[in-house]
Amino acid sequence: MKNNNNYNGCTKKEKLECNYHIIHKLPPGDSPYVRAKYAQLVEKDAEAAIVLFWKAINAGDRVDSALKDMAVVMKQQDRAEEAIEAIKSFRDRCSKQAQESLDNVLIDLYKKCGKLEEQIELLKQKLRMIYQGEVFNGKPTKTARSHGRKFQVTIKQETSRILGNLGWAYMQQSNYAAAEVVYRKAQQIDPDVNKACNLCTCLQKQSRYSEARSVLEDVLQGKISGSDDPKSKNRVEELLKELEPFGSFGYTSPSPQLNLEDAFLDGLDQLINQYAPFRSRRLPIFEEISPCRDQLAC
């Protein structure tokens, strides 16, 4: 497989390969990792790509990328359990900078396998890392990629995203009280309609219909980002219909008094106590959400 923009002397097949190399942004060379990416992106041969990714890892060839890419391909092939074991077994060969990306892949794999406890624990760990300033390599933003586009993600957005994922995991466990606490924190940081609707569901499941309706009213009044989205409006209307039979029935209660071990805030609270004297390690986002901490204490 040639990597050369000069097509002189190339066969038709080689020219096609060169074009694919440019289109798919394949790395240069002919190493196991390059051949794995070629098998994945050009030949669309997932099994061959996995074999070559293994070879790349064992050869020490771009191990950071090889392990992450292999896990993604395995997930697509319904081999998520195998991908989890691969990351756990070989992540120590990867750089410190790669660990955050590997954690994100692991969270998706846990979700795919229905491993809620593992997913929750890793999400809590990521929140602790944010508090300690150990994410984004100490920078206030990071560059993310979605559908080929690059964009900047702030720590504030990342914290809200992780809280949203944590709330969803608690919902899958039917732990609606813990999910409510997490979603309320997420909404204080970076509110959006999706989390508002999930918060509404948590309240509804706890027979707190008036509060659930109040959350939806904020969306209807356009107070939350994404309120104008047609899909979001449809979801809000569906939730309102679900609440109609209950009228004003239900009760209003303060935020649930949880055992902090049941939610991520136990570890976060310990970190706050541990690192409070070292203000430089405390990121601004935690200054914003700290006032809510006392509401959750046992």
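**Helix packing, pair by pair**

Let's start with α2, which passes α4 in a left-handed crossing. Left-handed here means the near helix is turned anticlockwise from the far one by less than a right angle, and clockwise would be right-handed. Before going on: this is a predicted model, so local features need pLDDT of at least 70 and side-chain atom pairs count only at pLDDT 80 or more, while totals for chains, interfaces and linings use all residues. Residues are numbered from 1 along each chain as its sequence is written, and side-chain values use heavy atoms, with hydrogens and water left out.

Back to that pair. The axes of α2 and helix α4 (residues 63-76) come within 11 Å and cross at roughly 25 degrees. Axes are lines fitted to C-alpha atoms, for helices over the stretch in contact, and angles run from 0 to 180 degrees between N-to-C directions. So α2 and α4 are roughly parallel to each other; the cut-offs are under 35 degrees for roughly parallel, over 145 for roughly antiparallel, 65 to 115 for roughly perpendicular, and oblique for the rest.

Who touches whom? Tyr-33, Lys-37 and Gln-40 of α2 meet Ser-65, Ala-66, Asp-69 and Val-73 of α4, where contact means heavy atoms within 4.5 Å. Sorted by class, that contact has 3 nonpolar, 2 polar and 2 charged residues. For the classes, Ala, Val, Leu, Ile, Met, Phe, Trp, Tyr, Cys and Pro count as nonpolar, Asp, Glu, Lys and Arg as charged, and the others, Gly among them, as polar.

Arg-35 counts as partly exposed because its relative accessibility is 32%; buried is under 20% relative accessible area, exposed is over 50%, and partly exposed is in between (1.4 Å probe, protein chains only). Arg-35 and Ala-49 are 14 residues apart in sequence, with their C-alpha atoms 7.7 Å apart in space.

Next, α7. It has 16 residues (116-131), and at 1.5 Å a residue it should span 22 Å; the end C-alpha atoms are 23 Å apart, which agrees. That expected span is 1.5 Å times one less than the number of residues. Buried residues in α7 include Leu-122, Met-129 and Tyr-131. After the helix comes Gly-133, with a positive phi near 75 degrees.

How do α7 and α8 sit against each other? The axes of α7 and helix α8 (residues 155-172) come within 10 Å and cross at roughly 155 degrees. That makes α7 roughly antiparallel to α8, and their crossing is left-handed. Among the residues that meet are Leu-123 and Leu-127 in α7, and Ile-162 and Leu-166 in α8. This contact has 11 nonpolar, 4 polar and 3 charged residues.

Last pair: helix α9 (residues 176-189) and helix α10 (residues 193-205) pack at about 150 degrees, with axes 9 Å apart. That makes α9 roughly antiparallel to α10. The contact includes Tyr-183 of α9 and Leu-199 of α10, and its classes are 8 nonpolar, 2 polar and 4 charged.

Zooming out, the chain has 14 helices and 2 strands, taken as DSSP runs numbered from the N terminus (helices H or I, at least four residues; strands E, at least two). Of its 298 residues, 45% count as buried.
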